[in-house]
Amino acid sequence: MAKWARRNDMILHLHRAGHGTYTRQKTHGVSFRVIAKWMRMAGVDHIHAGTVVGKLEGDPNVIKGIYSTCRDTVTKQNLEQGVFFDQDWAGLRKVMPVASGGIHAGQMHQLLTYLGEDVVLQFGGGTIGHPQGIQAGATANRVALEVMVKARNEGRDIWNEGPQILADAAKWCSPLRAALDTWKDVTFDYASTDTADFVPTPTSA
Amino acid sequence: MKVTQGTFSFLPDLTDKEIRAQVEYALAQGWAISVEYTDDPHPRNYYWEMWGNPMFDLRDAAGAMTEVADCRKAHPQTYIRVNAFDSSRGFETTRLSFIVNRPANEPGFALKRQEVGGRQIQYTIESYAAQKPEGQRYE
């Protein structure tokens, strides 16, 4: 399929149907990190790699391990993230991770902190559900993203100042104002069941 | 119609202080800065005119800001962008690119309909500015 997609000017997207199986059932046998590695080698262009904050909940460490598998040139062993050995990806092409599922402009500081900028952020309901229409929804998301990347590059602490940065941008961008008002209370704060098997034990010095 | 290409184009135009902060971030990442300009705002026009060579050895943001100022002086009525190129293995591409100057008047784009075989129509866009010859588009 990857070869067909390249020949026919198509992008090959891997949608993660069956998310519940991967994240709520530890004993099904295959970690999504394995699927991600397999798909990188198979030539997939983008893959649903987990979101941390959306409704497709994920443990931040497990998600980091999956993102490393998609994006690194060299992945170092990291047991907390489920990476059991060093992996040199040589010239193997990267896969663009995709985050989606119940995300909205108000979470931009969290998304950028957890996932970085080399990621496709898919706001579906977070665009189409905008009270002023789809174009306003897209504008709100783009403004929120740009204002957050700009603040991060300027050295600001977006994890703590994020909501204030968005509120300041909403003063001159009414679509963002409406988006923040619409989705301000929407969070999915699940405890993920798909966690790494390795948990570090703190040792007292 | 404000052209929205590159990063930060949905934000109000960046001040020189804000441009400098982004250049400093790029330099801290080890990226090389270059300055380019064009008077053809078509979104698929990737190859803008180079304002000098990319500054691979530049370490101080002041050098890039001087180039931006000189380019603005020479081409005030054009789009000017700052690019940051990452030469590290696995990227070897532009990591950050944003507009730092735009013409006073941006006339926008016309939708063109081309009738092809059968009843089909092919759509494309053309900048009103690009209907004039190069160099006379934003006078």
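1. In this predicted model, the side chains of B:Arg95 and A:Asp118 meet in a salt bridge, with 3.7 Å from N to O. The count of salt bridges between chain B and chain A is three, and eleven residue pairs are in polar contact between these chains, both residues of a pair being at pLDDT 80 or more. On the side of chain B that touches chain A, the elements that give two or more residues are helix H1 (16-28) and strand E4 (93-101) of chain B, and H1(B) gives the most, with four residues.

2. The contact takes 17 residues from chain B and 17 residues from chain A, and the two chains bury about 1,500 Å² between them, 56% of it on carbon and sulfur atoms. Of the area that chain B buries against chain A, 38% is supplied by B:Phe10, B:Leu11 and B:Tyr25, more than by any other three residues.

3. B:Arg95 also lies over the face of B:Phe91, at 3.7 Å from the ring centre. In chain A, the charged end of A:Arg16 sits over the ring of A:Phe32, 3.7 Å from its centre.

4. Over all chains, the count comes to seven aromatic pairs. Among them, A:Tyr114 and A:Trp159 are edge-to-face, at 5.5 Å centre to centre with 80 degrees between the planes. This pair links distant parts of the chain, since A:Tyr114 belongs to helix H5 (residues 108-115) and A:Trp159 to helix H8 (residues 158-172) of chain A, 45 residues apart. A:Tyr114 is partly exposed, with a relative accessible area of 24%, and A:Trp159 is partly exposed at 39%.

5. B:Tyr25 and B:Trp31 form an edge-to-face aromatic pair, 5.9 Å centre to centre and with 85 degrees between the planes; both B:Tyr25 and B:Trp31 are buried.

Definitions and conventions. Residues numbered from 1 in each chain as written. Chains lettered and ligands numbered in written order. Predicted model: local features only at pLDDT ≥ 70, side-chain atom pairs only at ≥ 80, totals over all residues. Heavy atoms only, no water. Phe/Tyr/Trp six-rings, centres within 6.5 Å; stacked < 30°, edge-to-face > 60°. Buried < 20%, exposed > 50% of the residue type's maximum accessible area, 1.4 Å probe, protein only. Lys NZ or Arg CZ within 6 Å of the ring centre and 35° of its normal. Contact = heavy atoms within 4.5 Å. Buried area = accessible area lost by both parts, 1.4 Å probe. Salt bridge = Lys/Arg side-chain N within 4 Å of Asp/Glu carboxyl O. Polar contact = N/O pair within 3.5 Å; in protein donor to acceptor, adjacent residues only side chain to side chain.
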